[in-house]
Amino acid sequence: MKGLITVDDVTQVFPLPGGGQYVALKDIDLTIAEGEFVSLIGHSGCGKSTLLNLLAGLTTASSGGIILDGREVTAPGPDRMVVFQNYSLLPWQTVRQNINLAVANVLRELPQAERQQRVEENLALVGLKAAADRYPSELSGGMRQRVAIARALSIQPRLLLLDEPFGALDALTRGNLQQQLMQICQQTGITTVMVTHDVDEALLLSDRVVMLTNGPEARIGQILTVPLPRPRERLAVMEHPDYYGLRSELIGFLQQQRRLRQRQQAQSQALAAAPVAPSAPAAPTPIRIGYLPGLDIAPLAVAIEQGLVDPAAVTVLPVPFARWQQLEEKLVSGDLDVAITSATTPLSLALGLGDRSPWPAVTPMTVTRNGNALCLARSWLELGVRDLATLATHVSVQEKPLKLAIAEQGIMQDLLLRHWLASGGIDPERAVTWVALSPMAMQAALVSGEIDGFIAGRYRVAKAVDDGLAYVLATDREIWARHPEKVLTCSESFALHHRQALLSLCAGLMRAGQWCDDGAHRQALTTLLSQPRWLGPAAAPALQRQFDFGTGERSSDLMLLNRYHADRAQSPDQAEGAWILTQFSRWGWSSFPANRVELLAQVYRLDLCDAALDLAGLPVLRPERQPFALADGGSFDQDAPLRYLEALPFAAPAVVASVPLPESTATPSLSTVR
Amino acid sequence: MTTAVAPSSRSRRSRGQSRRLALRRQILPPVVCIGLTLLLWQLLSGLNSEGFPGPIQVIAQTWDPYIIKPFYDEGGTSKGLGIQIFISLQRVAVGYSLAAVIGIAAGLAIGLNDFLRRGFDPLIQVLRTVPPLAWLPISLLLLQQADSAAIFVIFITAVWPIVINTAVGIREIPQDYTNVARVLRLRKRSYLRDILLPATAPYVFTGLRISVGLAWLAIVAAEMLKADGGIGFFIWDAYNAGGDSSTSQIILAIVVVGLVGLILDRLVGVVGERVSGGRR
């Protein structure tokens, strides 16, 4: 797709009269192709018109930029002609004079006669020849809008920008004008961006509909491609079999945004109503944080050992666990305030997977990415199993299923392993027997022959390899490089009532993550983690050397696995959440949520992440809103998750259903009131 | 400002009927009220026949030559009312034109330049409240000549509303029009001609209309103090003469001054309406 105009990471901040700031748009990335018709849709106040003004160059972005034809947009110009919401015709000029003003100014080099002809052509194009000598005040709203469109088209802009062009018109006039606009755009092939709040209008006219989330800090929530054939015709479009699916997608998005807004309002009311703790030099908030030992928790260890979490705000109380199940129970019961969990846990808690009731989990940050490896008992190496293909061959001839251990069903390692096996033609449901084990017990189970192999963090795998028991068949780099592995999870109400403490904790973990990622700190990190309080002396082999695959091969990259900070690693990414949801549906654990936008927006708290990054003094960077590819080559587009899901091998038929979302616990539970 | 109400209540009634209705609505009330006022005045003046003349007396005493021969000229300062008014109007024309030209130019500059606006605003706010006659001594000292001094007083009185309104008009140009200009990248000249001037015109004419009233106010006062000829001089002259008909002459002159002021106001109003258009 050749981009005519590229919106690159645009954020727009307006100063408020009181001295504050209003962040209208946040991290907008969008590429619009030549000849494309794109609509911007969203609730009022979501920054649609702000974005249009940025495209026009009428305002300049606070950060980020807009590139048109390879040049940055810095000022308004006739190559991006705007049709304003209230037409903006000059009332003291006739229709013809209004159009001529544009033509005479922009196309100065044309001879007078040609300019005149251009004016007349465009008058004819919108069917206003008869009204050419009348003044705007003598015209109806629809006619004025046509004049505004004629004026815009007369100067042949590269990009036509329409700001709710038909909002003020009656239904009949609107329908006619939409039809006319569509014909004109098809004839001229002009690239168009239109702001609208009319779902049918967006579908009729657009190639893509960009849906914006609620402001402030509006982002692109979803992009819907409208594959209806052109040339379009209103009635034919409405009868198209895809039409109502697309329409309900748009309406669903808007409804979910409305509910999210209501929820936010309810929360801020609850916060206002909650008893205010005496605000005198408050004692630091104690935060009980649960974790399972592993290299993943390096940021926690560093943050505590080096005092990176502001001691005036938070006292961090780490609580180690041996099994995920116990940790989750304590988190839900309120015995833990936050936990470092698998990346899938916030969603599985929010959905209530495994017959639990939905729990309002949120995640403000990703703690680590990568760091997993699959190892098999050495006997498999002797059988010649060296990669996915040979494993598939062996599994297919072997009578009994492969026995693989995971720490818990539904955690990230489980999803990765299943995805990888399925991509090699191994049905994870039939050809594998899954055993849920504490990571600490996996090596013993391998020795006893209870399992053939396990997927775990590099620390555990390295130990098994070191002990001569196992070899590495695959690392997560061969499944999904830079997948989210551990995230911070807490309840929505904890995030609401202890926001500052949570942000301080996140900021500390973020700074610690940055420290961990620095290769120069490797020795210090090893020493630190080798303390008995954390991983003990066994941490050294995992960190200090190159990763030993146990096959004679060695990984070339010392820093192969865990990623704590670099490359925007700490962002909670809704797109990754959407992928996790496809996998939950794929393995039949839940239906695919029709209200996923709402669910993801509730769980993935970018606002908290940004505030924490800011508190930590780190740049607020965001993953680009683009499809990402897994190692099997399948590209995942968060805007078309069902299409992705349908193409996956061994996927259970997707059941799309609106899932009940956890009730917001508006009043703080006893354990969180201090 | 406008007291005339357009006959907007034109309904299904016959034309004759509606015309009679309009007549009754518009002509009748002022005729009755003014008639009653004159009557009251006449009655009050009758109580004290020595002092203040009633309306009938005023007309009788000024009928010849002031009412029927407005343009008589016996040389010197003994001239008809029409000529006196004409002399005053000439002065106003010169002073007011100067005020209009300089006021609009200054208003443009101040409206377009934020620095100038902030810089001059306090000065303008102070000077515009100075009463016209306070300027007279300074202008006499400066210009040494009664005629020029009167013109200067008119200028300095009339210029402020024009400056202020023009500047406000420029700042109040709707964002829509400025956006159009920015998107089309209008050249300076085109911006001035096609957007700035037409959009500001209503404000400018509001200023001009306020100013013409002030100018007329100032000229009468200035002429009373220091001038030869002009309607203000006529009033002061009649007072100094102290003859039998002096009071009547003064009253007649006041009525004429009022009428001319009204006509000037309406004239500027009509021109403004024509220029800035009833099209919006």
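Biologist: In which loop of chain A is A:P231 found?
Modeller: We are looking at a predicted model, and in it A:P231 sits between two named elements of chain A, one of them a strand and the other a helix.

Biologist: What is the omega of the peptide bond from A:R230 to A:P231?
Modeller: Most peptide bonds are trans. The bond that leads from A:R230 into A:P231 is cis instead, and its omega is near -5°.

Biologist: Which value does phi of A:D69 take in this model?
Modeller: Most residues other than glycine have a negative phi. A:D69 lies in the loop between β4 (63-68) and β5 (71-72) of chain A, and its relative accessible area of 38% makes this residue partly exposed. Although A:D69 is a residue other than glycine, its phi is positive, with a value near 55°.

Biologist: And what is the relative accessible area of A:D567?
Modeller: A:D567 is found in the loop between α20 and α21 of chain A, and it has a positive phi of about 60° without being a glycine. Exposed would require over 50%, so A:D567 counts as partly exposed, its relative accessible area being 49%.

Biologist: Is A:N562 buried or exposed?
Modeller: A:N562 lies in the loop between α20 (539-544) and α21 (574-586) of chain A. The limit for a buried residue is under 20% relative accessible area, and since the relative accessibility of A:N562 is 4%, this residue counts as buried.

Biologist: Which side chain does a polar contact of 3.4 Å join to that of A:N562?
Modeller: Leaving aside neighbours within four places in sequence, A:N562 is in contact with several residues, among them A:L295, A:T368, A:R458 and A:D517. A:D296 is also one of these contacts, and the polar contact of 3.4 Å runs from the side chain of A:N562 to the side chain of A:D296.

Biologist: What is the relative accessibility of A:A470?
Modeller: A:A470 belongs to strand β19 (residues 470-475) of chain A, where it touches A:C375, A:L376, A:A377, A:R378, A:L446, A:A464 and A:V465, not counting residues up to four places away in sequence. The C-alpha atom of A:A470 is separated by 58 Å from that of A:T191, a residue 279 places away along the chain. A:A470 counts as buried, because its relative accessibility is 0%.

Biologist: How many nonpolar residues are in the contact of α6(B) with α7(B)?
Modeller: Helix α6 (residues 136-143) and helix α7 (residues 146-171) of chain B pack with their axes 8 Å apart, at an angle of about 135°, which makes α6(B) oblique to α7(B). The crossing is right-handed, and in it B:L136, B:S139, B:L140 and B:L143 of α6(B) meet B:A146, B:S148, B:A149, B:F152 and B:V153 of α7(B). Of the residues in this contact none is charged and two are polar, while the number of nonpolar ones is seven.

Biologist: Are α7(B) and α9(B) roughly parallel or roughly antiparallel to each other?
Modeller: The axes of α7(B) and helix α9 (residues 188-225) of chain B come within 7 Å and cross at roughly 155°. The residues of this contact divide into 18 nonpolar, eight polar and no charged, and α7(B) passes α9(B) in a right-handed crossing. Angles over 145 degrees count as roughly antiparallel, and therefore the relation of α7(B) to α9(B) is roughly antiparallel.

Note on methods
Residues are numbered from 1 along each chain as its sequence is written. Chains are lettered from A and ligands numbered from 1 in the order in which they are written. This is a predicted model: local features need pLDDT of at least 70, side-chain atom pairs count only at pLDDT 80 or more; totals for chains, interfaces and linings use all residues. Side-chain values use heavy atoms; hydrogens and water are left out. Helices (H or I, at least four residues) and strands (E, at least two) are DSSP runs, numbered from the N terminus. Buried means under 20% relative accessible area, exposed over 50%, partly exposed in between (1.4 Å probe, protein chains only). A polar contact is a pair of N or O atoms within 3.5 Å; within protein, one must be able to donate a hydrogen and the other to accept it, and residues adjacent in sequence count only if both atoms are side-chain atoms. Contact means heavy atoms within 4.5 Å. Axes are lines fitted to C-alpha atoms, for helices over the stretch in contact, and angles run from 0 to 180 degrees between N-to-C directions. Angles under 35 degrees count as roughly parallel, over 145 as roughly antiparallel, 65 to 115 as roughly perpendicular and the rest as oblique. A crossing is left-handed if the near helix is turned anticlockwise from the far one by less than a right angle, and right-handed if clockwise. Ala, Val, Leu, Ile, Met, Phe, Trp, Tyr, Cys and Pro count as nonpolar, Asp, Glu, Lys and Arg as charged, and the others, Gly among them, as polar.
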